[in-house]
Structures are given as C-alpha cells and as structure tokens.
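Here's a quick briefing to read alongside your model. Have the sequence and the 3D view open as you go.

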Amino acid sequence: MNPNHFIQTSPLGFQETVAALKQAFAAKQLTLFAEIRHSDLAAEHGLALAPTCLLIVGHPTKGTPLMQADQLLAAELPLKVLVYEQNGRVQALYRRVWPLVAGRGLGRAEEVAAQIDTALSGLITAALGRLTP
C-alpha cells in the first residue's frame, strides 16, 4: 500500500459509487472537470478492463495557491479520484497532495495541501463510509 494514496472501500456497486462521489463533490461546490471512464473506452476498442473511472475535481480557491507557489504543480492538479473494481471490491483512490509540496520551502503551500488532503479524504469517507450495502 502506497502511503501517498488514500483508499476508501465502497459498500456500493461501481456505478453507485461514482454517482455518490459526484453528488458529494457537487454538494461541496467542487468542479467536476472531467469524468474518464477508462473501462468504457477500453471496451470501445475491444479490450477488457475491470470497471475503472477517473474523476477530475477541484476548486480554484484551493488549487491556485499551490500553483502560485510552484507553477509545475499544475501538472498534478486538479485532483484525481480513481474509482475502480478489483477482486470484487469497489474502491476510491485519491493521491494525496501534501507529499508533492512537503519540505520544498513553498511556504503556506504545505498547509494548503494538508487542508486539501484532509478535506478530500473526509469527503470521500463521508460519501462512501457512512453508507451500508
């Protein structure tokens, strides 16, 4: 397990998990920039892939200060939440932002990154963790 990843198991099916996360993001006024259904795209080309969907979300008031501190962080932002089904379990994975800025002398960016990580992991947990199968 990668310590830079936050992973939440969902009690829901794949489609329901994607829908629950999108609803939670909307409720917190996060912008859904893109929804990439990797498994659907693979199927269009005759390739098998377990259900896999990447949700790209963010909010300019949180991401912009990080990019102001280091413009190259724009390659990592907006945030990406991967919903996938593996071994009969649906999970949501989020790559933490704080490790990308930690110890780099970027001032307040470390605090902002930590706030983003806490908020997004909490939002995912609330959206999926409180549900029952």
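The lining of the second largest pocket splits into 10 nonpolar, one polar and four charged residues; here Ala, Val, Leu, Ile, Met, Phe, Trp, Tyr, Cys and Pro count as nonpolar, Asp, Glu, Lys and Arg as charged, and the others, Gly among them, as polar. Bear in mind that this is a predicted model, where local features need pLDDT of at least 70, side-chain atom pairs count only at pLDDT 80 or more, and totals for chains, interfaces and linings use all residues. Residues are numbered from 1 along each chain as its sequence is written, and side-chain values use heavy atoms, with hydrogens and water left out.

**Second largest pocket**

- Its volume is about 200 Å³. A pocket here is an open set of points on a 1 Å grid over the protein atoms alone, where a 1.4 Å probe fits, with protein on both sides within 12 Å along at least five of seven lines; lining residues have an atom within 4 Å of a point. Points are joined across faces, edges and corners, and the volume is the space filled by probe spheres set on them.
- Fifteen residues line this pocket, and Glu76, Pro78, Leu79, Lys80 and Arg95 lie nearest its centre.
- β4 (79–86) and β5 (89–95) are the elements that give two or more residues to this lining, with β4 providing the largest share, four residues. Strands (E, at least two residues) and helices (H or I, at least four) are DSSP runs, numbered from the N terminus.

**Largest pocket**

- About 380 Å³ of space lies in the largest pocket, and of its 20 lining residues, Leu30, Gly58, His59, Lys62 and Leu79 are the closest to its centre.
- β3 (52–58), α3 (60–69) and α5 (109–129) each supply at least two residues of that lining; α3 gives the most, with six.
- By type, the lining of the largest pocket has 12 nonpolar, six polar and two charged residues.

**The sheet**

- Five strands form an open sheet in the order β1-β5-β4-β3-β2, with antiparallel pairing; two strands pair if DSSP finds at least two bridges between them.
- β1 (5–10) and β2 (31–37) are the edge strands, each pairing on one side only.
- On average, neighbouring strands of this sheet are turned by 20 degrees against each other, direction ignored.
- β4 pairs with β5 in the antiparallel sense over six bridges: Val81 has Tyr94 of β5 as its bridge partner, and Leu82 stands opposite Leu93.
- β3 and β4 are also antiparallel, over six bridges, and Val57 stands opposite Leu79 in β4.

**Helix packing**

- The axes of α1 (residues 14–27) and α5 come within 9 Å and cross at roughly 130 degrees. Axes are lines fitted to C-alpha atoms, for helices over the stretch in contact, with angles from 0 to 180 degrees between N-to-C directions.
- That angle makes α1 oblique to α5, as under 35 degrees counts as roughly parallel, over 145 as roughly antiparallel, 65 to 115 as roughly perpendicular and the rest as oblique.

- Most residues other than glycine have a negative phi, and most peptide bonds are trans.
- Leu77 and Pro78 are joined by a cis peptide bond, with omega about 0 degrees; Pro78 lies in the loop between α3 and β4.
- Gln29, in the loop between α1 and β2, has a positive phi of about 60 degrees although it is not a glycine.
- Asn87 takes a positive phi near 55 degrees in the hairpin of β4 and β5, which has two residues between the strands.
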